[in-house]
Structures are given as C-alpha cells and as structure tokens.
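Please examine the structure below before reading on.

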Amino acid sequence: MHTDSIVMLCILVPLAAFFTGIGIFAWTRKKPMWFWSGSTVRESEITDVRAYNRANGIMWIAFSLIFWVAAVLGIFHAGAAGLVIGLGTVAGTVSLIFIYQAIYRKYRR
C-alpha cells in the first residue's frame with residue numbers, strides 16, 4: 001500500500017464514519033432531527049417524528065457511502081477516489097439540501 005493510500009484512508013474512513021454516525025444518530029433520535037446548523041425542528045411541526053428521523057438517517061447514511069466507496073477505491077487508485085470525492089461531495093451536498101426539503105415537506109404538519 002502506498003503512502004497516499006494510507007493518508008487517504010486516514011482521512012476518508014473517519015469522515016465516512018462521521019456521516020454514518022450522523023445517520024444513526026438521526027435515525028434513533030426521539031425528537032426531530034434538524035438539518036441546518038443552529039436550526040431546530042419542533043415536534044409540533046412534524047406529523048410522524050419516527051418516520052421523519054428515519055428518513056433523515058437514511059439520507060445521511062447514503063451520503064456517507066460516497067466516502068466509504070472512495071476509501072476502498074483509494075486503496076487501489078487514489079485518482080479514482082479523488083474523482084469520486086470531488087463529484088460525489090458536490091452532487092451529494094446539493095442533493096442533501098433537496099432531499100431534506102422533500103423529507104421536511106412530507107412530514108410537516
């Protein structure tokens with residue numbers, strides 16, 4: 001394994017685990033999960049908190065897959081991993097915004 005592969009793994013595995021952790025936290029949370037930093041979602045805003053949080057958790061876990069895939073690719077080809085990270089984070093971040101808005105609209109009172 002090359003040095004760049006090790007560095008990539010040292011960055012991507014904790015990052016992937018972080019987003020997976022956010023997903024698990026959202027999924028198991030009893031109160032509604034928020035999306036924007038500093039914002040809150042009141043229970044009175046949401047029709048089904050459990051389903052709302054589950055959808056949020058799935059969204060974050062799906063986002064983490066970009067980094068898990070890139071970590072595995074980084075073992076074999078750092079350039080391919082970089083491409084996955086670059087394209088995945090740009091498209092994924094924009095997708096997170098739209099997906100969260102759809103989740104919120106679906107479960108909003």
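**From helix to core**

Threonine 20 is located in helix 1 of what is a predicted model. Is threonine 20 buried or exposed? Because the limit for a buried residue is under 20% relative accessible area, threonine 20 counts as buried at 18%. Leaving out residues up to four places away in sequence, threonine 20 touches Ile61, Ser64 and Trp68.

The helix that holds threonine 20 can be checked for its length. Helix 1 runs over residues 3-28, a total of 26 residues. At 1.5 Å a residue, helix 1 should span 38 Å, and the 37 Å between its end C-alpha atoms agrees with this.

Threonine 20 is one of several buried residues in helix 1; the others are Ser5, Met8, Leu9, Leu12, Ala16, Phe19, Gly23 and Ala26. An α-helix has 3.6 residues a turn, so residues three or four places apart point the same way. The list of buried residues can be read with that in mind: Leu12, Ala16, Thr20 and Gly23 are among them. What lies over these buried residues? The cover includes helix 2 (49-76) and helix 3 (78-107).

In soluble globular proteins, nonpolar side chains tend to be buried together. Here, the largest nonpolar core has 24 residues, and Tyr52, Met59, Trp60, Phe63, Phe67 and Tyr107 have the most contacts inside it. At least two residues of this core come from each of helix 1, helix 2 and helix 3. Helix 2 gives the most, with 11 residues. Methionine 59, one of the residues with the most contacts inside the core, is in contact with Phe35, Leu96, Ile99, Tyr100 and Ile103, once neighbours within four places in sequence are set aside.

Asparagine 56 has its place in helix 2. How is asparagine 56 classed, as buried or exposed? Its relative accessible area is 0%, and therefore asparagine 56 is buried. Apart from residues up to four places away in sequence, asparagine 56 touches Ala26, Met33, Tyr100 and Ile103. Tyr100 and Ile103 are also contacts of methionine 59.

How many salt bridges does the model contain? The count comes to 1. In a salt bridge, the side chains of glutamate 45 and arginine 42 meet at 3.8 Å, N to O. Glutamate 45 is buried, with a relative accessible area of 15%, whereas arginine 42 counts as exposed at 53% relative accessibility.

Technical notes. Residues numbered from 1 in each chain as written. Predicted model: local features only at pLDDT ≥ 70, side-chain atom pairs only at ≥ 80, totals over all residues. Heavy atoms only, no water. Helix = DSSP H or I, 4+ residues; strand = E, 2+ residues; numbered from the N terminus. Expected span 1.5 Å × (residues − 1). Buried < 20%, exposed > 50% of the residue type's maximum accessible area, 1.4 Å probe, protein only. Contact = heavy atoms within 4.5 Å. Core = buried A, V, L, I, M, F, W, Y, C linked by side-chain atoms within 4.5 Å. Salt bridge = Lys/Arg side-chain N within 4 Å of Asp/Glu carboxyl O.
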